[in-house]
Amino acid sequence: MEPFQRYRDVVDDFEAFIDACERSLSMAVRVNTLKATPEQVERAFDEAGIGYERADWHPHVVRVETDTPGVTWPSIHGWVHGQEEVSAIPASVLAPEPGDRVLDACAAPGSKATQLAAEMQDEGTLVANDNNLGRLSALRFNCERLGVTNVAVTNRDARNFSLKPFAAEDEHEGPQFDRVLVDAPCSCEGTIRKNPDALDGWSEDHVAGIAGVQKGILRRAIQVTRDGGHVVYSTCTFAPEENEAVLDHVLQKEDCRLVDYDLALEHDDGLTGWRDTEFDPQVAKAKRVYPHQNDTGGFFTAKLEVSA
Amino acid sequence: MSENDGQRFDRLPATAADREVDGRATREAVVDWWENRFGIPAETFDDHTFWEKGAGKIWIFAGDAPSPIAIEGLGMTFLRTRQEHWKPTTDAVQRFGRLATKNVFELTDEQAERFVDGQDQEIPYDGDWGYVIAAHEIAGDREPIGVGLYVYGELKSTVPKGRQRSV
Ligand SMILES: C[S@@+](CC[C@H](N)C(=O)[O-])C[C@H]1O[C@@H](n2cnc3c(N)ncnc32)[C@H](O)[C@@H]1O
């Protein structure tokens, strides 16, 4: 937990934060509404004698009392997907609608992509991209198991994501997106409760390196979004270099702004400064979820609108 | 006629008259197959397009895309063609099999557990031999589990290794 000492002055009740980071996390699943309703899932868990509790902040997130949700009938049928509770935040903030054209720029292994497809009711097009081919096969497996048919899978570096494969015959580029999710590769500090070795190899150099990639990915995401469209940027880390500093950079370089959104989980606002750096005050609209606030993993989410 | 190119997705021709690639299934034949084999109405697939990538592997995609398209995935793998007996995928049967009215095996709890564990079992049945939908009752409804092959009085489980579970 040594790297977390840097957050002593930014996290309220730092001791509670560290305590929470040291506790393991209970299992959660997300109901896949393409195949089942929460009521059907609850009835199936009742039949299997498995205890559960619905999360109060999200209608499809269910905490389950089993260490192996993957060997239950609801999972075999693709009615549920094992997914950390906070991982359900960004897709519900992006809130795509049926018929939208949506990009998930860093999509593997597909927890959020399948959630996006469910929100779209499997209508419209979801492009799920990742630069790691091995992880893409896990994504395809999850999409198929959950019954998704509106997904097109691409294998690109999201920093130079191409619209060309989707170009109509007489056109050079495919259409821009209505909504884009950038669930960026990150230093994963917020997953410490699930992976106790998440901080192995942590260094400020490593953080700075990933931040460079994140900036490139978020900029490209904005470029491929239509005017008035939305981009959600999320990470499972606390490092401001990978969160507010990335937003600050992109606000300077691209035509976009941060927008407010609702989140029914306890959270903090984005940090408007870190060490000697002041950020664009808009970054306060981002939300930080700390493990001790809701007994979950840690998460960061921001919503941007691309300007006309 | 040209040959199938396994590196890209090609939309299936609507009918045999539109066919340009040797041996390629047509949309009409694919939709008819589900209707004939399982009684799933053709209209079920009105908003989907069908694609071939890899010889005989048919994918189902919601909506449309330019054809051909060279990407990693397009919708869901749906049906294996270019062989004597066409074979549906587990995922397709799970997604669309609720609508089936024939060639469905309703399994007891114990039979369903053996089936999803990949085990073959002897079950008397007076329907057609061939690929069938294995289903069971859960949360008050019949729900498809996967694809079985019924031959010589035996239901063989074709649930892929990666989807087998010991419940
Ligand atoms: C936080 S994970 C995504 C998790 C995923 N959204 C989900 O919910 O299942 C970040 C992903 O970014 C991918 N990635 C890393 N660098 C990338 C790049 N330059 N372009 C595209 N994807 C990248 C990694 O392979 C990894 O799968």
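**Exercise 1.** Find which residues have the most contacts inside the largest nonpolar core, and state how many residues this core has.

*Solution.* A nonpolar core is a set of buried Ala, Val, Leu, Ile, Met, Phe, Trp, Tyr and Cys residues joined through side-chain atoms within 4.5 Å, where buried means under 20% relative accessible area with a 1.4 Å probe and protein chains only. In this predicted model, local features need pLDDT of at least 70, side-chain atom pairs count only at pLDDT 80 or more, and totals for chains, interfaces and linings use all residues. Residues are numbered from 1 along each chain, chains are lettered from A, and side-chain values use heavy atoms, without hydrogens or water. The largest core has 58 residues, and Val182(A), Leu218(A) and Leu247(A) have the most contacts inside it. Taking Leu218(A) next, and leaving aside neighbours within four places in sequence, its contacts (heavy atoms within 4.5 Å) include Val231(A), Tyr233(A) and Leu304(A). Apart from this core lies another, of 36 residues, among them Val61(A) and Ala107(A).

**Exercise 2.** Explain why helix α5 of chain A is described as largely enclosed.

*Solution.* Helices are DSSP runs of H or I with at least four residues. Of the 9 residues in α5 (residues 111-119), 8 are buried, so the helix is largely enclosed by the rest of the structure; Ser111(A), Lys112(A) and Ala118(A) are among the buried ones.

**Exercise 3.** Determine which atom of the ligand lies 2.9 Å from a polar side-chain atom of Lys112(A).

Note on methods. Buried means under 20% relative accessible area, exposed over 50%, partly exposed in between (1.4 Å probe, protein chains only). Helices (H or I, at least four residues) and strands (E, at least two) are DSSP runs, numbered from the N terminus. A polar contact is a pair of N or O atoms within 3.5 Å; within protein, one must be able to donate a hydrogen and the other to accept it, and residues adjacent in sequence count only if both atoms are side-chain atoms.
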